[in-house]
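Biologist: I am new to this structure and would like to understand the words used for it. Could we go through them slowly, setting each value beside its definition?

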Amino acid sequence: MASPFEHRPVLLAKVLELLDARPDSVIVDGTVGGGGHSAAILDQSAPNGRLIGLDRDEAALEAASQRLAPYGDRARLVHTSFRSLPAVLKELEIPRVDGVLLDLGVSSHQLDEVRRGFRFGGRDAKDAASVPLDMRMDPKAQTTAADLLARLSEAGLERCFRDYGELPGARRLARAIVDSRKTHPLETAADLLELIRETGVGRRRRHNPATLVFQALRIAVNDELAALEEGLAVAIEALRPQRRIVVLAYHSLEDRIVKNVFRDGARGCVCPPKTPVCICGRLPTVRVLTRRPLTPSEDEIAENPRARSARLRAAERLPEAA
Ligand SMILES: C[S@@+](CC[C@H](N)C(=O)[O-])C[C@H]1O[C@@H](n2cnc3c(N)ncnc32)[C@H](O)[C@@H]1O
């Protein structure tokens, strides 16, 4: 029987080519998930390359620790967000690393486990009635999607749907939620789907409005975009010169952040465009290796439909300026 953590690593060959993990290297997998990419990185860096695997989800780490058990103490797993990488490296007394992978988003396991609330049901409303509005990547975190829907102000809900879901009609949905929760708390995916349907937001758009609403809530519950910006900065900082960071993003908001952080790192100077001479003194820290994001082949998508929206970007740390 397939393990419940059967998550096929996306764009694996490209990830390995870019990370180029050598036998003496220390690679960070900031989103270890079920350990698919990690196992391949450990194979690539055999016999003694090391891997530090991080995840916010203890269930993922449990699965990864079983999967990576054959590699013994070459793999070290830590339950934390990748934004806390500096503290992890300090604790392990590792000043710099030889590569970082961030494979963002949720794992197949998180999607498949109904009680985690990441997928808003199957084909009919009956399925959605059993899906709680949770969506915490770390089930020990305090705030669920239901908490946000119960507590955020109308303006806060509108901002969430607009900024994190790019939802047309964000204001209308926010108002409907605030009205409706006075009498009926939103507890399941079915409650929210019904409200989305009633308000008719985004009905004529290409993207299913429910997908946009659930994406927005997931991003807010897990503070995903702020974690990504911070995680990219600390990961670049932790890299040895000429070593690489590889990021797999699954929606345009994430991908835009990766593109902008890499572009700003490659430019260095942050002076306003019309400043005649640079006064900020900032030097480039990275070279961008992917002018355009790399995407999976049709064959990979056919084999693994969850790879469909993946976009890979990579950058190489520049040698420190003297
Ligand atoms: C797409 S899965 C990774 C799958 C993995 N590459 C594999 O091959 O099995 C993403 C994982 O990242 C974790 N995650 C998301 N944001 C995180 C963060 N800020 N810090 C640490 N882990 C995070 C999720 O809990 C999830 O397990």
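Biologist: At what angle do helix α10 and helix α11 pack, and how far apart are their axes?

Modeller: This is a predicted model, and in it helix α10, residues 189–199, packs against helix α11, residues 209–222, at an angle of about 130°, with the axes 10 Å apart.

Biologist: Why are α10 and α11 called oblique to each other?

Modeller: Roughly perpendicular covers 65 to 115 degrees and roughly antiparallel needs an angle over 145; the angle here is about 130°, and α10 and α11 are therefore oblique to each other. As for handedness, α10 passes α11 in a right-handed crossing.

Biologist: What makes α8 and α9 oblique to each other?

Modeller: Helix α8 (residues 154–165) and helix α9 (residues 170–181) have axes that come within 8 Å and cross at roughly 135°. An angle has to be over 145 degrees to count as roughly antiparallel, so α8 and α9 are oblique to each other, and their crossing is right-handed.

Biologist: Why is α12 called roughly parallel to α13?

Modeller: The axes of helix α12, residues 224–238, and helix α13, residues 252–267, come within 10 Å and cross at roughly 30°. Because angles under 35 degrees count as roughly parallel, α12 is roughly parallel to α13. Here too the handedness is given, for α12 passes α13 in a right-handed crossing.

Biologist: How do you know that the peptide bond between Ala46 and Pro47 is cis or trans?

Modeller: The omega angle is about 5°, and the bond that joins Ala46 and Pro47 is a cis peptide bond. Pro47 itself is found in the loop between α2 (36–44) and β2 (50–55).

Biologist: Which residues come nearest to the ligand?

Modeller: Of the 24 residues around the ligand, the nearest are His37, Asp55, Phe82, Asp103 and Gln110. By class, the shell is made up of seven nonpolar, 13 polar and four charged residues.

Notes:
Residues numbered from 1 in each chain as written. Predicted model: local features only at pLDDT ≥ 70, side-chain atom pairs only at ≥ 80, totals over all residues. Heavy atoms only, no water. Near = heavy atom within 4 Å. Nonpolar A, V, L, I, M, F, W, Y, C, P; charged D, E, K, R; others polar. Axes fitted to C-alpha atoms, helices over the stretch in contact; angles between N-to-C directions. Helix = DSSP H or I, 4+ residues; strand = E, 2+ residues; numbered from the N terminus. Left-handed = near helix turned anticlockwise from the far one by under 90°.
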